[in-house]
Structures are given as C-alpha cells and as structure tokens.
Amino acid sequence: MSGRSRAEERTGFQEGSSFGPAYDLQADFVMVYGINDSMPRRIAEWAAKGYRVHLMTGVSWGGYQDYLNGKVDGRSHWDEAQKYHDGEMIIHGTSADIPYMVPTVSYSDFLVERIRPAVDAGVEAIHLEEPEFWVEGGYSEAFKREWQNYYNEPWIPPHASEDAQYRASKLKAYLYTRCLDRICSALKEYSLVRYQRPLRFFVPTHSLINYTQWRIVSPESRLLDLPSINGYIAQIWTGTSRTANVYEGTRAERTFETAFLEYGIMQELVRGTDRKMWFLHDPIEDDPKRTWADYRANYIKTLAASLLHPDVARFEVSPWPRRVFEGRYPAEHGNGKEGIPSDYASTLLTVMHSLGNMEQEDVQVYGNPAVTGVLLADSAMFQRKVIGTETAGFMMKYDGTNEVELTDEAAVELLNLSDFYGLTLPLVKRGLPVRPVQLDNVRRFPGYLDGYRVLVLSYEFMKPEYPDLHTALAQWVREGGALIYVGDDSDPYHQIREWWNQGKRKYATPRAHLFESLGLDRAAVCEGISRVGKGTVTFLRMHPKQLAQSRSAADIYRAKVREAMAALNDASETGEAAEAGKRERLHWEPLNYYRIRRGPYVVASVMTESVNDTPLILQGRYVDLLEKGLPVREQITVSPGQQVLLYDLDYKERQGGKIVAASSRVEDYNENDRTITFTAKGPRPLQAIVRIRCESRPEAVTNGTDPLHYEYDAESQTLVIFYEHGEEGTNITIIK
C-alpha cells in the first residue's frame, strides 16, 4: 500500500472549500469545485499540500447570473433557462436565479470564457459535471429555436405526442453533446497554444439507468464520439441507488442490487477504449436527514457493488469530504445532531486508501461464470412520457424512498422503471452475473459483444437508433450467441417517426426488422427458441414490466434464460459448433451472493429476497477492513443484506506487501534488520490505525519521540498501531 505515486490518479475527491486539515484525505488528486474569485487561491492551497489539482464545475447550471442578466454580452439570456409546459423555470436546488440551462452556442462560448481562468491557474484537468436536460423541459424560446435549426421544421410541444417527446429528448442529448465538444475543444487548443500544456477533460455523470429513472436526458454514450473527452466519473452513490424499484410485486429500496447495475452500465463507457473511469462513492448522500448508521450501511452496499466490477480501479472516494468530516446529522435516537463517529471516520479512511490498490492482475470471480448481458440504449431516456408540472416537480424532489407519500400512481409507475428492472432483478437476485450492455456501442466497436454468450433485449422501453445495430446483433447470434427478446409490441413509441417506418422501410416495430435480419418471420407471434446459425433466438411475448410484478412472471423469465443456456450447450456439442472450438458449458446455479477476489482483497455481498437466507461463510485469515480495529478473523459470516471487504493474509503465501491496511497515506517506507519506518498522513485531529506485517513482537513503537499504543497478533504475525496524524504527517518507527 505504500509508495504509490499521485501521478497515477487512482483516488480523488471534489471539494468547494479551501484546504482544511479536517478533510485532508490524502488522495492522489483533488477537484477544486466552482469558478469564482477564490478559485486561484484554492487551487494554490491544495497544490501546496502535494495534491494534483483538477477543476470541477457544473455544465448545466451554476452561478451564471452575469450571463443571464446580460452583463456578459449586453443581451438577457433568461430565455435559455429550461422551462416546464406552463412556463415555470426548472430550478437547480432552491435558488430562484439558478436554472437548468438550454446549452445554446452562446451559452457554450460563455462557459469557455468562464472556465479559461482555471486553465490560466494551472489545473491539470477539468471536469464538466452533470450535463442534464429534464424530460419535463423543452418549452423555452431557446429550445424552440434549436428545434427549428435541428429538425428544419416548426417546434412541436413535447407533450403533444410520443413522437414529439422522443424527438425533443433526442435533441436535448445532441445539444449537450455539442456543448461539451465545443468547450473541451476550445480550451484544449487554448492550453496548448498559450502554455504548451496538454489539458484533459472528464465528465462526471449519473448512470444511464439513473437518468432514465429520474427522467433526465444526458449525452451518456454519445460522449464516446467526442475525441475531446478523456474519461468520466460514474456518479453513483446512495442517493441514486436507493431509488425504489419493483421486484416480484414489491416496491422497495434495493441499494446494493441497483448500484451493481449502475456501476455495470457505467463501465461500458470505457470498455475497449483508453479513456479513464472513476467510480464514485459517497460516505453520506445529499439527503441530510439520515443518521450515520443509515449512511454507513448504504455506503458499504455501494462500495461492494462497485468492487464487483474489476475492470475499473479508479475511485472518487468522496464528494464534499468537508460535509462528511465536519458535518452534523441526526443522532440515532433523535436527540439533536452529531458529528461523524470516530470509528466510522477511521474505517472510511482505511477503505479510501485501500481503493488505491485495487488494480490487481489476479482476479477471481466465484459463483456463476456465465455473464449475461441486458442491452440498454441511450434512447431509454428519450421515451419517458411528459407529465404535468405539479407531478414533475414532485418527482424532481422525490428522494427514492418509501418515506414520501406517493399518491400519483402514474408518477410512481414512471419512476419505477420496471421495464428495465423486470429484465435484470430476477436474474441478479439469483446470483447470475448480469451486466447492462450499451446497445449503442455495438456499432461503435467491432467485437464489442464478443465476451457475451447470452443477451437480453426489449424494445418496449427503448429503441435502436440505427438499423445496422441489427446487422451486428444478427451476426453475433449466427456465430453462437443466444438472444432472448422480451416484448409484446404494445409500446406506443413504436409508432414514432424513425428509420424502421420511413422511406422504403415499412415495419410496424423495430423488432420486426430485427427478426427479419435474423432470418425469422417478422410477424412471428410464437414463443420459443429458434435456431439461427450456430446460435439461438428466444421470443418471450410479454411486456418486460410484467416480469417485475409477480414471482410467477419472474419465474417464467428465469426459465426462458435457462432454456436459452441449455440450447447453447446442446449446440456446442454438434460437429458444426465443435469446428469453431469447444466452448465451456453455460451453468447457472441459483445463489444468493456475489463474491470476488482482487489480489489479496475479497469482496462479497449476500442478498435478501433471494433463493434462500443462508449466510456465506468464509474460512481463512482475514483482516476485516470495515470493522473497528482492523481485526483478524479466521471465519467470516456474511448474512443476507450484508457485505464485506476483507484482506486475505494468506494470499499467495503472504505476498501482499508489508502494509496490510491503514487509515493514512503511507509514504517513505523503509525497513532494515532493526527497524521499520514510515510516514502516515491524513486528516486531523483523528484517531488513525495501521495494521502491518511484523514477524515478531516489536521492542517498541514510537512516533519519533513518544511511544505509541499497539497490539501484536502472534498468530497472524501482524501488528496494529494506533496514532494521530500530525501537521506534516506522523513519523512511525517500529523497533524490532
């Protein structure tokens, strides 16, 4: 764990305040948030403390009153605020003068000039946060002008029809794609010309799943078409993942399962590219009404969910650490507010520093190996029906829990997103490794689907934007894939003006075109399995939201997935398939857990509402990274609803490094026959802890002058040391 260079940028955080010792997390980089007169000073302060410094600012909203009021170019720009059908502005937060913006060319150019001082101040990268256009928007004069320019026809109110809604949302995604490209390209050129310094741009964005569920349109996979974008932050945390959904007829929070799917779709934005992705965790969330126990439990769920995706090994360890380490929240028993418990603070820091070590070559996934993909397209955001202003406002304020009284049944159904969760949760809850797969990427990257043998698809809540997607899908099936199509052709959005029903193409639904591409009867109504080349196609004629409404419907769906796997196994034994090379038989054992090893780190989560309530029991010698004191355990019991993050002390005969875990950044590690020395840095004042390998009980442990409290575990030959961070770090000496 020691000696990692900050240049690797494995871990970072965003903070709008000046440097403060209480939230000096000692990550690799900091994203200084916000552009104002204090920005250059804040950048210099954090840089002086050894951080690599980035800048983060909102791209769809911000303190842009000078622009709105005409002080920038002499023209008022309030007509560029996103608006509801009744003309009311869509506001960010509670400030009436901070609206969400329509990203016009003028607005984009304003942001270029607004951000330019950050380049002058020397930041190494810029993060343009949350390009968001609300589904309920689309009624401002600026948007009407953009419609005219884009479609070459008069504006149509988005609520007028499904076609108008779809086209409006498609335009919204385009506008923010154009905005980001314009900003990033202009400032990259400026940095190179003015300072001969390359500048990187990243986009912190919610997942496609969350934006669809929360009724927000954003560029998502369209950003892959912009060479000016260097990567992303997956903004997934308790606040997104605890949004309720429906499984087997029960509506509830399912933070772990939802986060598992959210992180899964976000890694698709970098798979097969050289772009970077950081997974975000938030030790709290935006809702200040929760208790520390609630924050901790849900943080651990999102943490475990993210670590089950080993292709990503960079993390934003906290947004707003000041509110974590200096904030006060409701006490557990209702008596006022309290600051962060010291044990939780120490645990958080231990996890944050462990995250910097998660890029491991040795990865082992336990349980079911048959990864099943569920296709999801950006167009899912486009066909979220416009609802009334009053209900829309309710939904924007809705926090995803069952504590809010839900009286509008239509709003609840729209928010549930049961079309998507009906296709995923019945599989996730039985331990099948499900990954949302970005349908739009099938045409971007040759071989994008090569790692999958089973895919699930439905056009009842999204649409294919290009016909050649079907060419690629058909080829994948013919080469030995199993495609399961779920749908009853009832979605009214099948009738929108799109490629499958324009010109010479006269298909009632895009499914009909897909089936024709597969060589099947486009009007087929029979369920069952059809052989297509070396692969199979299963047609389940049900609307996907039905699969969320009852256990019997979920069981029907699960049976179809099993049948598809069995059919592929049978096909693999034929001479024809054997010529292409023997494939491993697909196997799906019903399990109530997920488990992975990333080098010495072991992550596991046991689910409720699953095949059984049996706990997962792990035998060995582990350090529990989520427990007070970093205890060594020989048996770990993970009950339903719980998650663990462990360090395996026996991993490859103890070849995991001397430092096992620490709630500090460890630097200047040295060891000889008599001593071990290192420097530990982190927030102060704060009780810190490190567990280190030590072959025998030491003679003494000091901070250079004073003895430190320590405990030695002879069985594991590890030493745990307790200390506090000093202003320039704590110099620890172990005398053997």
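**Close-ups of a sheet and some salt bridges**

**View 1. Phe678 stands opposite Ile732 in β34.** This is a predicted model, so to speak: local features need pLDDT of at least 70, side-chain atom pairs count only at pLDDT 80 or more, and totals for chains, interfaces and linings use all residues. Residues are numbered from 1 along each chain as its sequence is written, and side-chain values use heavy atoms, with hydrogens and water left out. Strand β29 (residues 675–681) and strand β34 (residues 730–735) run antiparallel, joined by 6 bridges. Strands here are DSSP runs of E with at least two residues, helices are runs of H or I with at least four, and both are numbered from the N terminus. Two strands pair if DSSP finds at least two bridges between them.

**View 2. Four strands make an open sheet in the order β28-β29-β34-β31.** The pairing is antiparallel. β28 (665–671) and β31 (700–702) are at the edges with a single partner strand each, so one side of each has no neighbour in the sheet. From one strand to the next, the twist averages 15° (axes are lines fitted to C-alpha atoms, and angles run from 0 to 180 degrees between N-to-C directions).

**View 3. Arg215 and Glu136 form a salt bridge.** Their closest N and O atoms are 2.6 Å apart. The pair ties together distant parts of the chain, 79 residues apart: Arg215 is in the loop between α6 (208–214) and β7 (216–217), and Glu136 in the loop between β5 (133–134) and α4 (141–151). A salt bridge here is a side-chain nitrogen of Lys or Arg within 4 Å of a carboxyl oxygen of Asp or Glu, and the structure holds 55 of them. Arg215 is buried, at 1% relative accessible area, and Glu136 is buried too, at 5% (buried means under 20%, exposed over 50%, partly exposed in between, with a 1.4 Å probe and protein chains only).

View 4. Asp163 is buried at 14%, and Arg167 is buried at 13%.

**View 5. Arg290 forms a salt bridge with Glu285.** Arg290 lies in the loop between β11 (276–280) and α9 (292–307) and is buried, at 6%. The closest N and O atoms of the Glu285 pair are 3.8 Å apart. Shared partners join salt bridges into one network of Arg242, Glu253, Glu285, Asp287, Lys289, Arg290 and Asp294.
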